[in-house]
Amino acid sequence: MKPGKLSLENLKGILSKIPALDPRVIVGPSLGEDASLINMGDQYLVAKTDPITFPTSKSGSYAVNINANDIAVMGAKPKWFLVTILMPPSSKFDDITTLMEQVIYSCEQLNITIIGGHTEITDSVNYPVISGTMLGEVTKGSEVLSSNAAKGDAILLTKGIPIEGCSILATEARNELIASGVSEENIVKAAELIHNPGISVVKDAEIALSAGNVTAMHDPTEGGLASGLMELAHASNLGMVIDRASIKEIPESQLFCRALRLNPLGLIASGALLICVPQSDEKQVIKALQQENISAFKIGMMTDKDKGIKMIEDNKLINLPHFETDEIARFFSNNK
């Protein structure tokens, strides 16, 4: 099988076999939903687990932020974190210390408490693999589900794409970028994208929720913006029309993707947030985000399912591109 996420069809088959044994699980394993909801009285416990499997020197920071994002897009506050670190035998103790320092710092930035985990040296991995489990809370009635997007909703995107992908490439594909003509200055600048504008969308989600009627949110991660949009469409059982010209790419995207022959729509895109709102609320939500120095823009609209998942590019209506493998996984696989 190819590296990356399972296809939606394969995943749907697996999820259909999971029994619902506890009635307190309000949202369990679901296509397009970012986390699970468990009934805890007047609150829902929100739970999410996600690994960092790409080779990167900043795995600790990525692990915290991508898991916190999945809690935030459910309308919840990320609160508690468990982390499992698997290290190859060639590792040094300082390597483990560095990763844990990243985890600790990132949790402190988001006021998240580390409550446990596991660390192991194993020859089953060739480079550090970190898996995080994030827990959060949301008051009943305040939860946000991807499945609640409605026909006619405006689809908004914050910051631009692909922040995480360019940050990873800057640190892990430096030689290839230089060989392709990208300047050292641009590579150094891109390496800081993890911090500025950052890969967290916790603040983005909080602002959007306070500014308007948010029907759904989703953060595009592995598989890029295109996969995130498809997951949103499947979760809500709707179609969509996306305007390619309205999708903002960060400056490094054009440099890096052209140099390495990557499609930015399929490149891991943490740091951007997809937000669905009624068209009557789109301007006020965009304004609220911009007032907090978070760029936001409309990229499309939710439609009837039978309209399909479409994109307007060069004045033509085409199918939204599908990526079986994240572009960054494809790149690393081809350049081992």
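Reply: Helices (H or I, at least four residues) and strands (E, at least two) are DSSP runs, numbered from the N terminus. The model is predicted, and by that numbering Val27 lies in strand 1.

Me: Is Val27 buried or exposed?
Reply: Burial is judged by relative accessible area, and buried means under 20%. Val27 has a relative accessible area of 8%, which therefore places Val27 in the class called buried.

Me: What distance separates the C-alpha atoms of Val27 and Ile112?
Reply: Val27 belongs to strand 1, and Ile112 is 85 residues apart from Val27 along the chain. The separation of their C-alpha atoms is 23 Å.

Me: Which strands stand at the edges of the open sheet of 6 strands?
Reply: This sheet has mixed pairing and the strand order 1-2-3-6-4-5. An edge strand has a single partner strand, so one side is left without a neighbour in the sheet, and this applies to strand 1 (25-27) and strand 5 (113-121). From one strand to the next the twist averages 20°. The edge strands are thus strand 1 and strand 5.

Me: Which residue is the bridge partner of Leu82 in strand 6?
Reply: Strand 4, residues 77-87, and strand 6, residues 129-139, run antiparallel and are joined by 9 bridges. Within strand 6, the residue that partners Leu82 is Thr133.

Me: What is the strand order of the open sheet of 7 strands?
Reply: The pairing in this sheet is mixed, and its edge strands, each of which pairs on one side only, are strand 8 (216-218) and strand 13 (316-319). The twist from one strand to the next averages 25°. The order is 8-10-7-11-9-12-13.

Me: Which residue of strand 10 stands opposite Leu156?
Reply: Strand 7 (residues 154-158) pairs with strand 10 (residues 274-277) in the antiparallel sense, over 4 bridges. Strand 8 also runs antiparallel to strand 10, through 3 bridges, and there His218 has Leu274 as its bridge partner. For Leu156, the residue opposite in strand 10 is Ile275.

Me: Which residues of strand 10 point the other way from Leu274 and Cys276?
Reply: In a regular strand the side chains alternate between the two faces of the sheet. In strand 10, Leu274 and Cys276 point one way, and all of the residues concerned on either side are buried. Those pointing the other way are Ile275 and Val277.

Me: How many disulfides does the structure hold?
Reply: Cys107 is buried, because its relative accessible area of 1% falls under the 20% limit. Cys276 is likewise buried, with a relative accessible area of 1%. The number of disulfides in the structure is 0.

Me: How are helix 4 and helix 11 oriented to each other?
Reply: Two packed helices are described by the angle between their axes and the distance between the axes. Helix 4 (residues 163-172) and helix 11 (residues 327-334) have axes 10 Å apart, packing at an angle of about 20°, and their crossing is right-handed. Because angles under 35 degrees count as roughly parallel, helix 4 and helix 11 are roughly parallel.

Me: What term describes helix 7 relative to helix 10?
Reply: The axes of helix 7 (residues 202-211) and helix 10 (residues 282-291) come within 9 Å and cross at roughly 135°, and the crossing is right-handed. This angle makes helix 7, relative to helix 10, oblique.

Me: What kind of aromatic pair do Phe331 and Phe332 form?
Reply: Phe331 and Phe332 are both buried, and the count of aromatic pairs comes to 1. Their rings lie 5.5 Å centre to centre with 65° between the planes. Planes over 60 degrees apart count as edge-to-face, and the pair is accordingly edge-to-face.

Me: Where is Pro197 placed?
Reply: Most residues other than glycine have a negative phi, and most peptide bonds are trans. The bond joining Asn196 and Pro197 is cis, with omega about 10°. The place of Pro197 is the loop between helix 6 (184-191) and helix 7.

Conventions:
Residues are numbered from 1 along each chain as its sequence is written. This is a predicted model: local features need pLDDT of at least 70, side-chain atom pairs count only at pLDDT 80 or more; totals for chains, interfaces and linings use all residues. Side-chain values use heavy atoms; hydrogens and water are left out. Two strands pair if DSSP finds at least two bridges between them. Axes are lines fitted to C-alpha atoms, for helices over the stretch in contact, and angles run from 0 to 180 degrees between N-to-C directions. A disulfide is a pair of cysteine sulfur atoms within 2.5 Å. Buried means under 20% relative accessible area, exposed over 50%, partly exposed in between (1.4 Å probe, protein chains only). Rings of Phe, Tyr and Trp (its six-membered ring) pair if their centres lie within 6.5 Å; planes under 30 degrees apart count as stacked, over 60 as edge-to-face and the rest as tilted. Angles under 35 degrees count as roughly parallel, over 145 as roughly antiparallel, 65 to 115 as roughly perpendicular and the rest as oblique. A crossing is left-handed if the near helix is turned anticlockwise from the far one by less than a right angle, and right-handed if clockwise.
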